[in-house]
Amino acid sequence: MAWCPATATDAFFVTLNKDDKKHSATTMYKDYAISPELFRWVSQNGDLTG
């Protein structure tokens with residue numbers, strides 16, 4: 001995660017290509033792009049869309 005104070009924005013980096021050799025079952029979230037502007041991200045704390 002990175003914070004940009006100039007725009008008051010958090011930047012998150014996600015891995016879309018996951019495999020069970022490198023990721024545990026608890027981190028195999030189903031993240032994907034909804035559109036060029038929207039992203040569905042599943043966090044450890046719940047489901048976030050946007």
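Reader: What share of the 50 residues of the chain counts as buried?
Author: This is a predicted model, where local features need pLDDT of at least 70, side-chain atom pairs count only at pLDDT 80 or more, and totals for chains, interfaces and linings use all residues. Residues are numbered from 1 along each chain as its sequence is written, and side-chain values use heavy atoms, without hydrogens and water. Buried means under 20% relative accessible area, exposed over 50%, partly exposed in between (1.4 Å probe, protein chains only). By that cut-off, the buried share is 6%.

Reader: Which pattern does the chain follow along the sequence?
Author: Helices (H or I, at least four residues) and strands (E, at least two) are DSSP runs, numbered from the N terminus. The chain has zero helices and five strands. Its pattern is β-β-β-β-β.

Reader: In β4, which residue is the bridge partner of A33?
Author: Strands pair if DSSP finds at least two bridges between them. Strand β3 (residues 32-33) and strand β4 (residues 39-43) run antiparallel, joined by two bridges. They form a hairpin with five residues between them. The partner of A33 is F39.

Reader: Is Y32 buried or partly exposed, and at what relative accessibility?
Author: Y32 lies in strand β3. Y32 counts as partly exposed because its relative accessibility is 41%.

Reader: Among contacts between residues at least 6 apart in sequence, what percentage joins residues at least 24 apart?
Author: Contact means heavy atoms within 4.5 Å. Among the contacts between residues at least 6 apart, the share joining residues at least 24 apart is 7%.
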